Amino acid sequence: MKRHIISAVLASIMAVSLAGCGAYESSSGTSSSGDVVTAASGTSGVTATDSSSASGEKVFRYAESTDPTTLDPDKADSIIDNEVIHATQEGLVRNTAGNVTPGIAESWDVSDDGLTYTFHLRSDAKWSDGVAVTANDFVYGLQRLMDPDTASEYAFIGEYIKNGSQVETGAMDPSELGVKATDDHTLVITLEQPTSFFLTLIGGNAAFMPVREDIVDKYGTDFAATADKNVYSGPFVISSTDNGEYVFTKNENYWDKDNIKLDRAEMMIVADASTQLAMYEQGELDYVTIPTDSVADYDDQDEEYMNGNEDFFYINENSDNPILSDKNFRLALNYGLDRNQYIKLATNDVYTASNTLVMPLVAGYDGKTYGDCYTLDSYPLDGDQDKAQEYLKKAMADNNISDPSDISVEITTTDLDSAKKIAEVCQELWQQSLGIKVTVKQVTYSDIYGSVLPNGDYEIGFGGWGPDYSDPYTYLNLFKTDCSFNYSNYSNDAFDQLLDQSQTETDEKTRMDELNKAEQLLLDDGAFIPLQCRQQHYLLSSKVSGVQFYFCSVNIDWVYADISA
């Protein structure tokens, strides 16, 4: 979906040399992209975990740092929301690490012009309460997503559907959205323009899941507020959310239940990354992300893997703030940041410094990645003190400031210890290179994405984004004037025009050239401060197989996991 990075300052990074790189790399150095990850066999220094209960059930256990923000598919807006809904709901197709397979739709047809998708729904698809899943459930879910009354932050993802933008803004009624059920088992979706990634998008994004109108009517504003106020069309149901633990139980009404090996999954909410690691070592978890401070301790372990993805972390600059509305000051901040030093101090050299927006692994043209196709003119990763001072002096002249110490900027971040560390490193580097004053303000995760960034109640603030689909537009759209996630309130007519042109351009290379030019405009304008992209190290029990990782929408996918005896 993408959506915010739920662990916005814990995770990050993938190689940012614009040459592309594999999605996975094991401790042996082999790599692949979008494949099943099976733990290495053999003896490890890590305590073995027991993933099966006394009754012989197969149980996969892991932890997240925070609760999902919602279980409502139409209102999901974070990676963890998407991952939970990916396990409990079934879309028309299922995107498993980039591999699209039939879901509720057993087959589909695409018109010659690429605008009309006709999905043929399977007759044995049922909700967890035994009611048949119908084409109308998809019509209702998509109309509800785009209805302004729903106030979905993710409504923009439906703009690919015909009349999506007009419905989203209230100019058209939801009934005019380009989606219709010709009968209970046939769904027709008409797009605004040919969209090559449409199937991968709908197979991995919560917003395209079916929604039961009668259940929404029954619970009203409490729909999906708790696990029991929902029904599930996917492989698992949520049977409990008590005591900071989400329990997923195999859905016996799921059409493909015979291929689901797990009896249960348990997701625990544990805020502290070091505590999660200790739980893994004590046999309480089967999977854990290794905190950056501890990565070196596990370099020789058979159970260690490195998962690179395209989640990107950057700093928003509030353009409503006078000094930050000055392009020269934004460029001073960018050239004045030594990103390599930042990575060393803030992440122990675990993450990778970034000086661009579009990550290299997404699709480019002619079967190549975007990173293979383009190199951008950007800020040196070591910074450039001379240019930083040059732009700072221009900004001071623009704003009638004689001493850089008279400039004060506040960094807003979450209340995690790791977030504080990152903010304080940026604070120190900018104070040294520019001589300005930088302060740090911490708020809760729910506040930073619930009110602080959306309401512009900050000066500069950390943000994160994971791609909804493998295309540069999923990143660039963040800075479009009318995007709901444009927290910087950035606006550039030339940039907007290039993005609009790319949405109707049918020649693949021409379209990519337009998107590349748009990204260069952002860099030239200092529209954001790129920091890092994710290169996450983790431990996976040798008893677990079939867990998959992907750089779009769903970072960890355990739906088809299995546990050995």
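Predicted model: local features only at pLDDT ≥ 70, side-chain atom pairs only at ≥ 80, totals over all residues.

Biologist: What is the phi of Ala97, and is Ala97 buried or exposed?

Modeller: Ala97 has a positive phi of about 55°, although it is not a glycine. Buried means under 20% relative accessible area, exposed means over 50%, and partly exposed lies in between, with a 1.4 Å probe and protein chains only. Ala97 counts as buried because its relative accessibility is 10%. Asn400, in the loop between H10 and strand S17 (408-414), also is a residue other than glycine with a positive phi, near 55°, but Asn400 is exposed, with a relative accessible area of 74%.

Biologist: How many helices and strands are there in the protein chain, and what share of its residues is buried?

Modeller: The protein chain has 15 helices and 24 strands, and buried residues make up 59% of its 565 residues.

Biologist: How should I read two helices that pack together, and at what angle do H7 and H10 pack?

Modeller: Two packed helices are described by the angle between their axes and the distance between the axes. The axes are lines fitted to C-alpha atoms, for helices over the stretch in contact, and angles run from 0 to 180 degrees between N-to-C directions. Helix H7 (residues 327-335) and helix H10 (residues 385-398) pack at an angle of about 155°, with their axes 8 Å apart. That makes H7 roughly antiparallel to H10, since angles under 35 degrees count as roughly parallel, over 145 as roughly antiparallel, 65 to 115 as roughly perpendicular and the rest as oblique.

Biologist: Which residues of H7 meet H10?

Modeller: Contact means heavy atoms within 4.5 Å, and on the H7 side Asn328, Phe329, Leu331, Ala332 and Tyr335 meet residues of H10, among them Tyr391 and Leu392. By class, this contact of H7 with H10 has 8 nonpolar, 1 polar and 3 charged residues; Ala, Val, Leu, Ile, Met, Phe, Trp, Tyr, Cys and Pro count as nonpolar, Asp, Glu, Lys and Arg as charged, and the others, Gly among them, as polar.

Biologist: At what angle do H8 and H11 pack?

Modeller: Helix H8 (residues 339-347) and helix H11 (residues 417-434) pack at about 145°, with their axes 9 Å apart. The residues of that contact divide into 7 nonpolar, 1 polar and 1 charged.

Biologist: Finally, in what order do the strands of the open sheet lie?

Modeller: Two strands pair if DSSP finds at least two bridges between them. Here 4 strands form an open sheet in the order S4-S13-S12-S11, with mixed pairing, and the edge strands, S4 (59-64) and S11 (236-240), each pair on one side only. Within this sheet, S12 (residues 245-250) and S13 (residues 264-269) are antiparallel over 5 bridges, and Glu245 has Met268 in S13 as its bridge partner.

Note on methods:
Residues numbered from 1 in each chain as written. Heavy atoms only, no water.
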